[in-house]
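Please consider the structure shown below. The paragraphs that follow lead from its contacts with RNA to its fold.

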Amino acid sequence: MTRPDCKLGRLKKRSEFLYVRNGRYQARPTIVIQMRGHSARKDGINVGFTATKKIGNAVVRNRCKRRLRELARALLPLHGKSGFDYVFIARAKTAHAHWPDLQKDVEKALLRLA
RNA sequence: UCAGAGGGUCGGGCGACCGCCUACUUUUGUUAAUGCUAAAGCGGGCUUGCCGCGCCGAAGCUUUAGCGAAGGCGGGAGGAAAGUCCGGGCUCCAUUGAAGCAGGAUGCCGGAUAACGUCCGGCGGGUGUGUUGGCAACAACACAUUUAGGGAAAGUGCAACAGAAAGCAAACCGCCUCAUCAGUAUUCAUAUUGGUGAGGUAAGGGUGAAAGGGUGUGGUAAGAGCGCACCGUACGUUUUGGCAACAAGACGGGCAUGGUAAACCCCAUCCGGAGCAAGACCAAAUAGGGGCGGCAUUAUGGUGUGCUUUGGCACCGCUGCCCGGGUUGGUUGCUUGAGGCGCUGAGCAAUCAGCGUCCCAGAUGAAUGGUCGCCGCGUGAGAACGUACAGAACCCGGCUUAUAGACCCUCUGAUAUA
(Lines give C-alpha, C1' and ligand atoms only; values in the text may rest on other atoms or scores of the structure.)
Protein backbone atom coordinates (compact mmCIF):
# COMPACT_ATOMS: atom_id res chain seq x y z
CA MET A 1 0.00 0.00 0.00
CA THR A 2 2.95 2.31 0.57
CA ARG A 3 3.68 4.56 -2.34
CA PRO A 4 6.86 6.45 -1.64
CA ASP A 5 6.92 7.92 -5.12
CA CYS A 6 3.63 9.74 -4.52
CA LYS A 7 4.31 13.45 -4.10
CA LEU A 8 2.00 15.78 -2.24
CA GLY A 9 1.13 19.03 -3.98
CA ARG A 10 -0.35 22.04 -2.24
CA LEU A 11 -3.51 23.92 -2.91
CA LYS A 12 -2.74 27.64 -2.92
CA LYS A 13 -5.49 29.52 -4.70
CA ARG A 14 -8.84 30.45 -3.24
CA SER A 15 -10.58 29.08 -6.33
CA GLU A 16 -9.06 25.64 -5.75
CA PHE A 17 -10.43 25.56 -2.20
CA LEU A 18 -13.86 26.57 -3.42
CA TYR A 19 -13.76 23.79 -6.04
CA VAL A 20 -13.03 21.11 -3.41
CA ARG A 21 -15.73 22.46 -1.12
CA ASN A 22 -18.38 21.15 -3.53
CA GLY A 23 -17.10 17.57 -3.36
CA ARG A 24 -17.56 14.76 -0.80
CA TYR A 25 -16.68 15.29 2.86
CA GLN A 26 -16.28 13.39 6.13
CA ALA A 27 -16.64 15.04 9.57
CA ARG A 28 -14.90 13.60 12.63
CA PRO A 29 -14.80 15.08 16.18
CA THR A 30 -11.34 16.54 15.67
CA ILE A 31 -11.24 17.21 11.93
CA VAL A 32 -13.22 17.66 8.73
CA ILE A 33 -11.84 16.34 5.42
CA GLN A 34 -13.13 17.34 1.98
CA MET A 35 -12.24 15.53 -1.26
CA ARG A 36 -12.87 16.01 -4.96
CA GLY A 37 -11.29 14.54 -8.08
CA HIS A 38 -9.47 16.92 -10.36
CA SER A 39 -9.73 16.58 -14.12
CA ALA A 40 -6.63 18.39 -15.31
CA ARG A 41 -3.92 16.18 -13.83
CA LYS A 42 -4.45 12.45 -13.65
CA ASP A 43 -2.16 11.38 -10.81
CA GLY A 44 -0.73 12.93 -7.66
CA ILE A 45 -2.50 14.20 -4.55
CA ASN A 46 -2.97 17.86 -3.70
CA VAL A 47 -3.82 18.99 -0.21
CA GLY A 48 -4.77 22.23 1.51
CA PHE A 49 -5.37 23.25 5.12
CA THR A 50 -7.96 25.53 6.64
CA ALA A 51 -8.27 26.97 10.13
CA THR A 52 -10.99 29.56 10.64
CA LYS A 53 -11.00 32.39 13.16
CA LYS A 54 -13.70 30.50 15.03
CA ILE A 55 -11.23 28.08 16.61
CA GLY A 56 -8.89 30.62 18.20
CA ASN A 57 -6.29 33.30 17.75
CA ALA A 58 -3.38 33.23 15.34
CA VAL A 59 -1.19 31.07 17.57
CA VAL A 60 -3.85 28.37 17.85
CA ARG A 61 -4.60 28.49 14.13
CA ASN A 62 -0.93 28.14 13.20
CA ARG A 63 -0.53 25.20 15.56
CA CYS A 64 -3.56 23.48 14.04
CA LYS A 65 -2.26 23.94 10.53
CA ARG A 66 1.12 22.50 11.45
CA ARG A 67 -0.48 19.44 13.09
CA LEU A 68 -2.70 18.92 10.06
CA ARG A 69 0.31 19.21 7.79
CA GLU A 70 2.11 16.47 9.70
CA LEU A 71 -0.98 14.25 9.58
CA ALA A 72 -1.33 14.71 5.84
CA ARG A 73 2.36 14.01 5.28
CA ALA A 74 2.16 10.77 7.25
CA LEU A 75 -1.24 9.38 6.25
CA LEU A 76 -2.22 10.68 2.81
CA PRO A 77 0.36 8.57 0.87
CA LEU A 78 -1.06 5.48 2.62
CA HIS A 79 -4.80 6.10 2.43
CA GLY A 80 -5.33 8.90 -0.09
CA LYS A 81 -6.55 8.29 -3.64
CA SER A 82 -4.33 9.49 -6.43
CA GLY A 83 -5.89 12.04 -8.70
CA PHE A 84 -7.89 13.75 -5.98
CA ASP A 85 -7.63 17.03 -4.07
CA TYR A 86 -8.05 17.04 -0.30
CA VAL A 87 -8.79 19.87 2.16
CA PHE A 88 -8.20 19.36 5.88
CA ILE A 89 -10.27 21.65 8.11
CA ALA A 90 -9.35 22.18 11.75
CA ARG A 91 -12.02 22.11 14.45
CA ALA A 92 -12.05 23.44 18.00
CA LYS A 93 -10.49 20.26 19.43
CA THR A 94 -7.70 19.97 16.88
CA ALA A 95 -5.15 22.02 18.79
CA HIS A 96 -5.38 20.13 22.08
CA ALA A 97 -6.49 16.63 21.04
CA HIS A 98 -4.29 13.61 21.78
CA TRP A 99 -2.13 12.66 18.85
CA PRO A 100 -3.35 9.00 18.53
CA ASP A 101 -6.98 10.16 18.50
CA LEU A 102 -6.21 12.61 15.73
CA GLN A 103 -4.45 9.92 13.72
CA LYS A 104 -7.43 7.57 14.15
CA ASP A 105 -9.89 10.20 13.03
CA VAL A 106 -7.91 11.04 9.92
CA GLU A 107 -7.44 7.37 9.06
CA LYS A 108 -11.14 6.58 9.39
CA ALA A 109 -12.19 9.61 7.39
CA LEU A 110 -9.77 8.81 4.58
CA LEU A 111 -10.83 5.15 4.41
CA ARG A 112 -14.50 6.09 4.22
CA LEU A 113 -13.84 8.58 1.47
CA ALA A 114 -11.83 5.97 -0.46
C1' U B 1 14.00 36.24 56.61
C1' C B 2 9.10 38.21 55.37
C1' A B 3 5.70 42.08 53.34
C1' G B 4 4.90 46.45 50.25
C1' A B 5 6.32 50.27 46.47
C1' G B 6 9.35 51.77 42.25
C1' G B 7 12.88 50.52 38.32
C1' G B 8 15.40 46.90 35.26
C1' U B 9 16.47 41.86 33.01
C1' C B 10 14.52 37.21 31.41
C1' G B 11 10.28 34.69 30.06
C1' G B 12 11.59 27.17 30.15
C1' G B 13 15.92 23.36 29.33
C1' C B 14 17.97 18.55 27.36
C1' G B 15 17.61 14.18 24.23
C1' A B 16 15.54 10.80 20.24
C1' C B 17 12.87 10.10 15.55
C1' C B 18 10.57 12.66 11.49
C1' G B 19 10.01 17.35 8.66
C1' C B 20 9.90 23.04 6.68
C1' C B 21 12.19 27.99 4.84
C1' U B 22 16.80 30.17 3.67
C1' A B 23 22.48 32.41 3.00
C1' C B 24 27.12 30.15 1.56
C1' U B 25 29.64 25.94 -0.39
C1' U B 26 30.82 20.84 -2.81
C1' U B 27 29.18 17.14 -6.23
C1' U B 28 25.81 16.12 -10.03
C1' G B 29 21.67 16.45 -13.88
C1' U B 30 19.63 19.70 -17.46
C1' U B 31 19.07 24.27 -20.56
C1' A B 32 21.52 28.46 -22.80
C1' A B 33 25.82 31.17 -23.98
C1' U B 34 31.31 31.24 -24.35
C1' G B 35 36.06 29.32 -25.61
C1' C B 36 39.26 24.95 -26.88
C1' U B 37 40.38 20.19 -29.45
C1' A B 38 40.34 22.85 -35.12
C1' A B 39 43.39 21.48 -39.28
C1' A B 40 43.56 21.70 -46.16
C1' G B 41 43.71 21.32 -50.11
C1' C B 42 43.17 18.34 -54.65
C1' G B 43 41.85 17.63 -59.79
C1' G B 44 40.44 19.38 -64.69
C1' G B 45 40.60 22.93 -68.49
C1' C B 46 43.47 26.94 -70.38
C1' U B 47 41.11 32.70 -74.49
C1' U B 48 45.24 31.60 -67.69
C1' G B 49 42.48 33.85 -63.00
C1' C B 50 37.58 29.85 -65.07
C1' C B 51 35.12 25.23 -63.54
C1' G B 52 34.44 20.80 -60.48
C1' C B 53 35.37 17.99 -56.05
C1' G B 54 36.74 18.22 -50.98
C1' C B 55 37.42 20.41 -45.80
C1' C B 56 35.25 23.01 -40.01
C1' G B 57 31.07 23.72 -36.11
C1' A B 58 29.21 15.62 -34.79
C1' A B 59 31.13 14.69 -30.10
C1' G B 60 33.93 15.85 -25.85
C1' C B 61 36.02 19.25 -22.49
C1' U B 62 36.57 24.44 -20.09
C1' U B 63 34.18 28.73 -18.04
C1' U B 64 29.71 31.49 -16.80
C1' A B 65 24.45 31.95 -15.77
C1' G B 66 19.39 29.94 -14.75
C1' C B 67 16.49 25.76 -12.95
C1' G B 68 16.46 20.86 -10.26
C1' A B 69 18.59 16.84 -6.97
C1' A B 70 21.99 15.05 -3.11
C1' G B 71 25.68 16.25 0.71
C1' G B 72 28.30 19.73 4.06
C1' C B 73 28.18 23.97 7.23
C1' G B 74 25.52 28.30 9.33
C1' G B 75 20.77 31.13 10.51
C1' G B 76 15.43 30.84 11.54
C1' A B 77 9.28 34.87 15.84
C1' G B 78 8.23 38.75 20.34
C1' G B 79 8.59 41.66 24.79
C1' A B 80 4.81 42.94 23.55
C1' A B 81 5.58 40.35 16.86
C1' A B 82 -0.84 42.64 19.32
C1' G B 83 -4.09 47.35 19.29
C1' U B 84 -3.08 50.41 14.66
C1' C B 85 -3.16 55.40 18.76
C1' C B 86 1.00 59.12 17.42
C1' G B 87 5.92 60.42 14.93
C1' G B 88 9.34 59.46 10.78
C1' G B 89 11.98 56.86 6.52
C1' C B 90 10.53 54.85 1.65
C1' U B 91 6.94 54.96 -2.80
C1' C B 92 3.29 57.14 -5.94
C1' C B 93 -0.20 61.13 -6.82
C1' A B 94 2.20 66.80 -13.05
C1' U B 95 3.67 71.07 -9.18
C1' U B 96 2.55 70.53 -3.75
C1' G B 97 2.75 78.01 -5.06
C1' A B 98 -0.40 81.76 -2.20
C1' A B 99 -4.90 83.21 0.55
C1' G B 100 -9.39 81.78 2.91
C1' C B 101 -12.86 77.99 4.70
C1' A B 102 -13.67 73.25 6.70
C1' G B 103 -11.44 69.28 9.53
C1' G B 104 -7.85 67.29 12.98
C1' A B 105 -4.07 67.67 16.71
C1' U B 106 -1.29 70.11 20.50
C1' G B 107 -1.20 73.77 24.79
C1' C B 108 3.83 75.88 32.17
C1' C B 109 9.42 76.38 31.02
C1' G B 110 14.14 74.46 29.30
C1' G B 111 16.62 70.42 27.09
C1' A B 112 17.09 65.49 24.22
C1' U B 113 15.76 63.71 19.32
C1' A B 114 15.39 62.60 12.33
C1' A B 115 10.62 63.66 14.47
C1' C B 116 6.73 63.25 18.09
C1' G B 117 1.13 63.97 21.44
C1' U B 118 7.52 60.53 23.40
C1' C B 119 11.60 60.96 26.96
C1' C B 120 14.68 63.79 30.71
C1' G B 121 15.27 67.89 34.08
C1' G B 122 12.93 72.04 36.34
C1' C B 123 8.60 75.34 37.85
C1' G B 124 3.63 75.97 39.59
C1' G B 125 -1.02 73.79 41.60
C1' G B 126 -3.82 69.88 44.53
C1' U B 127 -3.98 66.02 48.52
C1' G B 128 -1.99 63.45 52.87
C1' U B 129 1.47 62.90 57.04
C1' G B 130 5.04 64.92 60.37
C1' U B 131 8.06 68.85 62.69
C1' U B 132 8.78 73.99 64.06
C1' G B 133 6.86 79.07 64.95
C1' G B 134 2.24 81.80 66.30
C1' C B 135 -3.34 83.32 71.23
C1' A B 136 -5.38 82.38 66.46
C1' A B 137 -6.03 82.92 61.22
C1' C B 138 -1.87 80.88 59.09
C1' A B 139 3.21 80.35 57.63
C1' A B 140 7.90 77.74 56.89
C1' C B 141 10.39 73.12 56.22
C1' A B 142 10.70 67.75 55.23
C1' C B 143 8.65 63.34 53.11
C1' A B 144 5.03 60.82 50.17
C1' U B 145 1.57 61.20 46.34
C1' U B 146 -0.91 63.48 42.26
C1' U B 147 -1.44 66.90 38.08
C1' A B 148 -4.05 67.66 29.87
C1' G B 149 -1.08 73.02 33.82
C1' G B 150 -3.30 78.91 27.56
C1' G B 151 -8.13 81.83 28.21
C1' A B 152 -13.98 81.79 32.89
C1' A B 153 -14.17 90.91 33.38
C1' A B 154 -16.03 87.89 24.39
C1' G B 155 -20.40 85.02 24.40
C1' U B 156 -23.64 80.52 25.13
C1' G B 157 -24.62 76.43 28.24
C1' C B 158 -24.58 73.18 32.72
C1' A B 159 -25.10 72.00 38.30
C1' A B 160 -29.39 66.30 40.82
C1' C B 161 -30.98 66.40 45.95
C1' A B 162 -31.15 69.53 50.09
C1' G B 163 -31.93 74.55 51.48
C1' A B 164 -35.53 80.65 53.15
C1' A B 165 -31.91 81.94 49.55
C1' A B 166 -27.27 79.38 44.14
C1' G B 167 -25.32 84.28 40.63
C1' C B 168 -26.13 92.45 39.21
C1' A B 169 -27.17 87.50 46.11
C1' A B 170 -30.62 85.75 49.88
C1' A B 171 -33.85 86.84 56.11
C1' C B 172 -36.10 80.05 57.81
C1' C B 173 -34.54 79.88 62.97
C1' G B 174 -31.85 83.35 65.73
C1' C B 175 -30.10 88.48 67.41
C1' C B 176 -31.60 93.83 67.86
C1' U B 177 -34.87 98.33 67.54
C1' C B 178 -39.69 100.52 67.20
C1' A B 179 -45.12 100.24 67.36
C1' U B 180 -49.14 97.63 69.46
C1' C B 181 -51.97 93.81 72.41
C1' A B 182 -52.05 90.56 76.72
C1' G B 183 -49.86 88.82 81.33
C1' U B 184 -46.50 89.28 85.69
C1' A B 185 -43.63 92.24 89.29
C1' U B 186 -43.54 96.28 92.09
C1' U B 187 -40.64 101.64 93.90
C1' C B 188 -46.66 103.41 89.27
C1' A B 189 -43.23 104.28 85.86
C1' U B 190 -40.04 101.16 84.43
C1' A B 191 -38.42 96.16 84.03
C1' U B 192 -39.66 91.50 82.09
C1' U B 193 -42.41 87.31 79.41
C1' G B 194 -45.37 85.95 75.20
C1' G B 195 -48.13 87.15 70.55
C1' U B 196 -48.80 90.31 66.11
C1' G B 197 -46.91 93.99 62.69
C1' A B 198 -42.94 97.27 60.51
C1' G B 199 -37.77 97.56 60.03
C1' G B 200 -32.30 96.56 60.89
C1' U B 201 -28.67 92.57 60.82
C1' A B 202 -24.67 87.73 57.18
C1' A B 203 -21.96 87.27 64.23
C1' G B 204 -24.39 82.17 65.50
C1' G B 205 -27.67 77.62 63.99
C1' G B 206 -29.34 74.59 60.04
C1' U B 207 -28.81 72.83 54.27
C1' G B 208 -25.19 71.93 50.68
C1' A B 209 -19.57 70.14 46.82
C1' A B 210 -19.99 75.50 47.21
C1' A B 211 -23.55 80.70 51.34
C1' G B 212 -19.31 86.40 48.43
C1' G B 213 -11.87 86.50 52.77
C1' G B 214 -9.83 84.76 57.96
C1' U B 215 -8.09 85.73 63.29
C1' G B 216 -8.12 89.34 67.01
C1' U B 217 -9.78 93.94 68.66
C1' G B 218 -12.44 98.43 68.61
C1' G B 219 -17.21 99.78 67.43
C1' U B 220 -22.67 99.15 67.51
C1' A B 221 -29.42 98.75 69.42
C1' A B 222 -27.68 94.20 67.25
C1' G B 223 -24.27 93.73 63.47
C1' A B 224 -21.17 94.46 59.23
C1' G B 225 -13.76 96.00 56.12
C1' C B 226 -17.59 100.12 59.34
C1' G B 227 -12.31 101.46 61.59
C1' C B 228 -7.52 99.33 63.06
C1' A B 229 -3.47 95.32 63.65
C1' C B 230 -1.92 90.80 61.72
C1' C B 231 -2.61 86.58 58.14
C1' G B 232 -4.11 85.38 53.22
C1' U B 233 -4.88 87.46 48.52
C1' A B 234 -6.99 87.38 42.47
C1' C B 235 -5.12 92.32 40.59
C1' G B 236 -1.81 96.78 39.35
C1' U B 237 3.18 99.11 39.73
C1' U B 238 8.14 98.06 40.86
C1' U B 239 13.18 95.96 42.73
C1' U B 240 16.36 91.68 42.97
C1' G B 241 17.61 86.55 41.38
C1' G B 242 16.90 83.03 37.25
C1' C B 243 18.12 81.44 29.84
C1' A B 244 12.89 80.74 31.13
C1' A B 245 8.47 78.90 33.63
C1' C B 246 8.78 81.38 38.15
C1' A B 247 10.56 82.79 43.09
C1' A B 248 11.61 86.41 47.03
C1' G B 249 10.64 91.47 48.59
C1' A B 250 8.41 96.57 48.55
C1' C B 251 4.25 99.77 47.50
C1' G B 252 -0.96 100.45 46.13
C1' G B 253 -6.01 98.81 46.50
C1' G B 254 -10.70 97.07 51.52
C1' C B 255 -11.42 92.23 49.21
C1' A B 256 -14.83 92.80 43.90
C1' U B 257 -16.92 89.38 38.15
C1' G B 258 -17.81 81.36 42.62
C1' G B 259 -17.07 76.46 39.71
C1' U B 260 -16.90 73.89 35.03
C1' A B 261 -13.16 74.74 28.73
C1' A B 262 -11.00 65.46 28.72
C1' A B 263 -19.06 71.39 27.64
C1' C B 264 -19.57 74.44 23.14
C1' C B 265 -16.23 78.15 22.33
C1' C B 266 -11.96 81.95 21.93
C1' C B 267 -6.54 82.51 21.29
C1' A B 268 -1.67 80.66 19.70
C1' U B 269 1.11 76.90 17.06
C1' C B 270 1.33 72.71 13.65
C1' C B 271 -0.74 69.47 9.72
C1' G B 272 -1.43 68.11 1.32
C1' G B 273 -3.47 62.95 0.20
C1' A B 274 -2.93 57.79 -0.17
C1' G B 275 -0.28 53.64 1.28
C1' C B 276 4.36 47.67 0.08
C1' A B 277 -2.63 45.15 -2.07
C1' A B 278 2.82 51.76 -2.34
C1' G B 279 5.65 51.37 -6.73
C1' A B 280 8.72 48.89 -10.86
C1' C B 281 9.46 44.88 -14.42
C1' C B 282 7.89 40.16 -17.10
C1' A B 283 4.15 36.69 -19.31
C1' A B 284 -0.89 35.96 -20.90
C1' A B 285 -5.75 37.79 -22.84
C1' U B 286 -8.94 42.27 -24.33
C1' A B 287 -10.13 48.34 -24.52
C1' G B 288 -13.13 52.94 -22.64
C1' G B 289 -6.11 54.25 -21.50
C1' G B 290 -1.06 56.06 -22.80
C1' G B 291 3.21 57.57 -26.22
C1' C B 292 5.01 59.51 -30.95
C1' G B 293 4.03 61.82 -35.82
C1' G B 294 0.65 64.66 -39.20
C1' C B 295 -3.63 68.02 -39.78
C1' A B 296 -6.94 71.40 -37.30
C1' U B 297 -7.76 74.71 -33.07
C1' U B 298 -5.99 78.42 -29.73
C1' A B 299 -9.35 79.65 -25.00
C1' U B 300 -14.49 82.97 -23.63
C1' G B 301 -15.07 76.96 -21.68
C1' G B 302 -14.04 72.16 -19.34
C1' U B 303 -10.79 68.40 -16.55
C1' G B 304 -6.60 67.63 -12.74
C1' U B 305 -6.37 63.70 -4.88
C1' G B 306 -11.07 67.85 1.21
C1' C B 307 -13.83 72.73 -0.58
C1' U B 308 -13.52 77.97 -2.67
C1' U B 309 -10.61 81.90 -5.03
C1' U B 310 -6.12 82.96 -7.46
C1' G B 311 -0.98 82.31 -9.88
C1' G B 312 1.48 78.83 -12.84
C1' C B 313 1.50 74.07 -15.60
C1' A B 314 -0.50 69.93 -18.45
C1' C B 315 -4.46 68.07 -21.38
C1' C B 316 -9.10 68.42 -24.73
C1' G B 317 -10.89 67.42 -31.85
C1' C B 318 -9.62 64.14 -36.32
C1' U B 319 -6.20 60.55 -38.19
C1' G B 320 -1.79 56.89 -38.86
C1' C B 321 1.66 53.83 -36.24
C1' C B 322 3.30 51.75 -31.70
C1' C B 323 2.60 50.37 -26.55
C1' G B 324 -0.94 48.19 -24.03
C1' G B 325 -4.98 49.64 -18.05
C1' G B 326 -7.67 46.99 -14.44
C1' U B 327 -6.29 41.96 -13.21
C1' U B 328 -3.76 39.15 -5.20
C1' G B 329 -0.07 34.95 -11.84
C1' G B 330 5.53 35.40 -11.53
C1' U B 331 10.04 38.46 -10.41
C1' U B 332 11.39 42.67 -7.68
C1' G B 333 10.70 46.26 -3.76
C1' C B 334 13.02 42.80 0.79
C1' U B 335 16.28 43.63 4.44
C1' U B 336 23.04 46.91 6.52
C1' G B 337 19.67 49.73 9.71
C1' A B 338 18.32 57.02 13.01
C1' G B 339 21.41 48.51 13.56
C1' G B 340 23.13 45.25 17.84
C1' C B 341 27.07 44.32 21.57
C1' G B 342 31.48 45.94 24.44
C1' C B 343 34.82 49.77 26.26
C1' U B 344 36.09 54.97 27.06
C1' G B 345 34.64 60.05 27.54
C1' A B 346 30.81 64.40 28.12
C1' G B 347 26.15 65.38 30.76
C1' C B 348 22.12 65.57 37.14
C1' A B 349 19.46 62.87 33.28
C1' A B 350 17.07 61.86 28.56
C1' U B 351 21.00 61.37 25.26
C1' C B 352 25.42 62.28 22.47
C1' A B 353 30.61 61.50 20.73
C1' G B 354 34.92 58.29 19.80
C1' C B 355 37.10 53.41 19.21
C1' G B 356 36.61 48.16 18.58
C1' U B 357 33.65 44.20 17.04
C1' C B 358 29.38 41.48 14.81
C1' C B 359 25.84 40.50 10.46
C1' C B 360 21.30 38.66 13.62
C1' A B 361 14.11 35.75 9.84
C1' G B 362 12.79 37.32 4.98
C1' A B 363 8.05 33.72 4.35
C1' U B 364 3.93 35.08 0.47
C1' G B 365 -2.71 29.55 1.50
C1' A B 366 2.46 32.57 4.38
C1' A B 367 8.70 28.62 6.76
C1' U B 368 10.66 29.37 11.87
C1' G B 369 7.96 22.99 13.47
C1' G B 370 5.34 17.79 14.77
C1' U B 371 5.47 13.54 18.05
C1' C B 372 7.54 11.05 22.25
C1' G B 373 10.59 10.82 26.70
C1' C B 374 13.28 13.09 30.82
C1' C B 375 14.15 17.36 33.79
C1' G B 376 13.15 22.31 35.86
C1' C B 377 9.47 25.74 38.35
C1' G B 378 4.61 26.44 41.29
C1' U B 379 0.41 24.24 44.32
C1' G B 380 -0.24 19.77 47.18
C1' A B 381 0.76 14.92 52.56
C1' G B 382 0.50 12.21 48.06
C1' A B 383 -1.85 11.05 43.59
C1' A B 384 -2.17 14.64 40.40
C1' C B 385 -2.84 19.35 38.26
C1' G B 386 -0.83 23.82 36.32
C1' U B 387 3.49 26.00 33.36
C1' A B 388 1.14 32.82 30.93
C1' C B 389 0.02 36.59 27.17
C1' A B 390 0.64 35.58 22.52
C1' G B 391 2.87 34.39 15.77
C1' A B 392 7.18 38.74 11.92
C1' A B 393 4.34 40.28 6.70
C1' C B 394 8.34 47.17 3.98
C1' C B 395 11.45 49.19 8.04
C1' C B 396 12.49 52.24 12.42
C1' G B 397 11.25 55.68 17.27
C1' G B 398 7.37 55.81 20.97
C1' C B 399 2.50 55.13 23.45
C1' U B 400 -1.40 51.82 25.04
C1' U B 401 -3.27 47.12 26.28
C1' A B 402 -2.38 41.49 27.63
C1' U B 403 1.04 38.53 30.56
C1' A B 404 2.07 32.10 34.66
C1' G B 405 6.51 32.61 36.75
C1' A B 406 11.93 33.65 37.81
C1' C B 407 16.09 36.91 38.93
C1' C B 408 18.68 41.71 40.13
C1' C B 409 18.90 46.84 42.23
C1' U B 410 16.90 50.90 45.37
C1' C B 411 13.59 52.55 49.22
C1' U B 412 10.03 51.73 53.35
C1' G B 413 8.11 48.67 57.36
C1' A B 414 8.21 44.18 60.61
C1' U B 415 10.97 40.21 62.95
C1' A B 416 15.60 37.83 64.41
C1' U B 417 20.88 38.22 65.44
C1' A B 418 25.19 41.18 66.76
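By class, the surface near RNA strand B has 9 charged, 5 nonpolar and 4 polar residues (Asp, Glu, Lys and Arg count as charged; Ala, Val, Leu, Ile, Met, Phe, Trp, Tyr, Cys and Pro as nonpolar; the others, Gly among them, as polar).

The model is predicted: local features need pLDDT of at least 70 and side-chain atom pairs count only at pLDDT 80 or more, whereas totals for chains, interfaces and linings use all residues. Residues are numbered from 1 along each chain as its sequence is written, and chains are lettered from A and ligands numbered from 1 in the order in which they are written.

Chain A has 3 helices and 5 strands, in the sequence pattern β-α-β-β-β-α-β-α. Helices (H or I, at least four residues) and strands (E, at least two) are DSSP runs, numbered from the N terminus.

Strands β2 (residues 24-28) and β3 (residues 31-37) pair antiparallel over 5 bridges, where pairing requires at least two DSSP bridges. They form a hairpin with 2 residues between them, and Arg24 has Met35 in β3 as its bridge partner. Strand β3 is also joined to β5 (residues 84-90) by 7 bridges, again antiparallel; here Gln34 stands opposite Val87 in β5.
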